[in-house]
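Subject: Structure for you to look at

Dear colleague,

Here is the structure I promised to hand over, and I would be glad if you opened it before reading on. My notes follow below, and they are meant to be read with the model on the screen.

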Amino acid sequence: MIHKPVLTKEVLEYLDVKPDENIVDGTVGQAGHTLLILEKNKPSGRVLGIDKDAGQIENAQKATSDYKNRVVLINDSYVNIASIIEEEHFRPVNGILLDLGYSSWQLEESGKGFSFAKNEALDMRYSLQNTLTAEVIVNEYPEEKLKNILEEYGEEKFAKQIARKIVEQRKIKKIHSTFELVSIIEMAVPAKFYHERIHRATRTFQALRIAVNDELGNLAAFLPKALSVLAPKGRLVIISFHSLEDRIVKNYFKEKEKEGILHIITKKPILPSGQEVLENPRSRSAKLRAIVKT
Ligand SMILES: C[S@@+](CC[C@H](N)C(=O)[O-])C[C@H]1O[C@@H](n2cnc3c(N)ncnc32)[C@H](O)[C@@H]1O
């Protein structure tokens, strides 16, 4: 499945890519944004694409095969941006993009249990080098910790009921698959109490994915490193899909603007147009923030 990149016009506007500039795409995925950047930094600008998921690096290799000598793809975490740039001699860095979260390919085709609509093992790791899986969290975490994860990362109103039911059911039988988890959520939250338009399992699955991959911790660790490798006048553009992610980005940018290190160029977060949300529902919670290094 081809992942439709979000906010493409806005990414190009705020990254403001010029011919021959070097850009880091810290979440290269299927190279949707990277391909657009490669058209802008012609003839000799390069893109360093990083992704934690080895499957996505393969996807990006296929997608960028026409640009081979201008693309470097690395299977690693964007948290390691500084050492990767050092090893690849990728300087100067004129712009950095992060498009957070997971892609449609991971949801539909990776077989890693990201989707509540497919019966797969409860894994949810972007990188198989992680030891923590969704199965470990669901079967081993204490009830209180489970509840907190669902509440905080999933903003799940029924966190308490779902955590309790998980703990009750795992005593009877270990929870291995996505469908087993979905049926436990359905037991915990009867349909008549559920008034949202999204599926009852949506928030639990989101929360588990964020916890398994330490998505908030990674983002917080990435920001100072990104700033340190960016050349003067370099741009950093971040698209987030979760209010906690957006808050981390917003607060960090504000703090560093006060210190005179950067200038925020999006006073308010940039949101997708109504038309984009219609054409690509995944974009509905996207928020883009951007800065220029001073
Ligand atoms: C929304 S997708 C990016 C899609 C991409 N912009 C495109 O147009 O194809 C997010 C990607 O970030 C990757 N990812 C998540 N956490 C990561 C991390 N800490 N380091 C590197 N990549 C990460 C995921 O594997 C996924 O491929």
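For the notes on linings, please keep in mind that Ala, Val, Leu, Ile, Met, Phe, Trp, Tyr, Cys and Pro count as nonpolar, that Asp, Glu, Lys and Arg count as charged, and that the others, Gly among them, count as polar. Please also bear in mind throughout that this is a predicted model.

Next come the domains. The domain assignment divides the chain into domain 1, which covers 8-105 + 216-293, and domain 2, which covers 111-213. The C-alpha centres of domain 1 and domain 2 are 29 Å apart, and ten residues of domain 1 are in contact with twelve residues of domain 2. About 960 Å² of area is buried between domain 1 and domain 2, and carbon and sulfur atoms give 53% of it. On the side of domain 1, the residues that lose the most area to domain 2 are Lys52, Tyr102 and His242, which together make up 50% of what that side buries.

The largest pocket holds about 910 Å³ of space, and among the 29 residues that line it, Tyr102, Thr202, Gln206, Arg284 and Ser285 are the closest to its centre. Domain 1 and domain 2 each provide at least three residues of the lining of the largest pocket. Helix 5 (104-109), helix 10 (202-212) and helix 12 (243-258) each supply at least two residues of that lining, and the largest share, six residues, comes from helix 10. By class, the lining of the largest pocket is made up of 13 nonpolar, nine polar and seven charged residues.

The second largest pocket holds about 230 Å³ of space, and of the 15 residues that line it, Lys52, Asn75, Ser127, Leu128 and Gln129 are the closest to its centre. Its lining divides into four nonpolar, seven polar and four charged residues.

Finally, a single residue deserves a visit. Ala163 is part of helix 8, which spans residues 159-172. Is Ala163 buried or exposed? Buried here means under 20% relative accessible area, and Ala163 is buried because its relative accessible area is 0%. Leaving aside residues up to four places away in sequence, Ala163 touches Glu143, Leu146, Lys147 and Leu150. Between the C-alpha atoms of Ala163 and Tyr102, which are 61 residues apart along the chain, the separation is 24 Å.

With best wishes,
A colleague

Terms used. Residues are numbered from 1 along each chain as its sequence is written. This is a predicted model: local features need pLDDT of at least 70, side-chain atom pairs count only at pLDDT 80 or more; totals for chains, interfaces and linings use all residues. Side-chain values use heavy atoms; hydrogens and water are left out. On a 1 Å grid over the protein atoms alone, a cavity is a set of points where a 1.4 Å probe fits but cannot get out, and a pocket is an open set with protein on both sides within 12 Å along at least five of seven lines; lining residues have an atom within 4 Å of a point. Grid points are joined across faces, edges and corners, and a volume is the space filled by probe spheres set on the points. Helices (H or I, at least four residues) and strands (E, at least two) are DSSP runs, numbered from the N terminus. Domain bounds come from an automatic or database domain assignment. Buried means under 20% relative accessible area, exposed over 50%, partly exposed in between (1.4 Å probe, protein chains only). Contact means heavy atoms within 4.5 Å. Buried area is the accessible area (1.4 Å probe) that two parts lose on being put together, summed over both.
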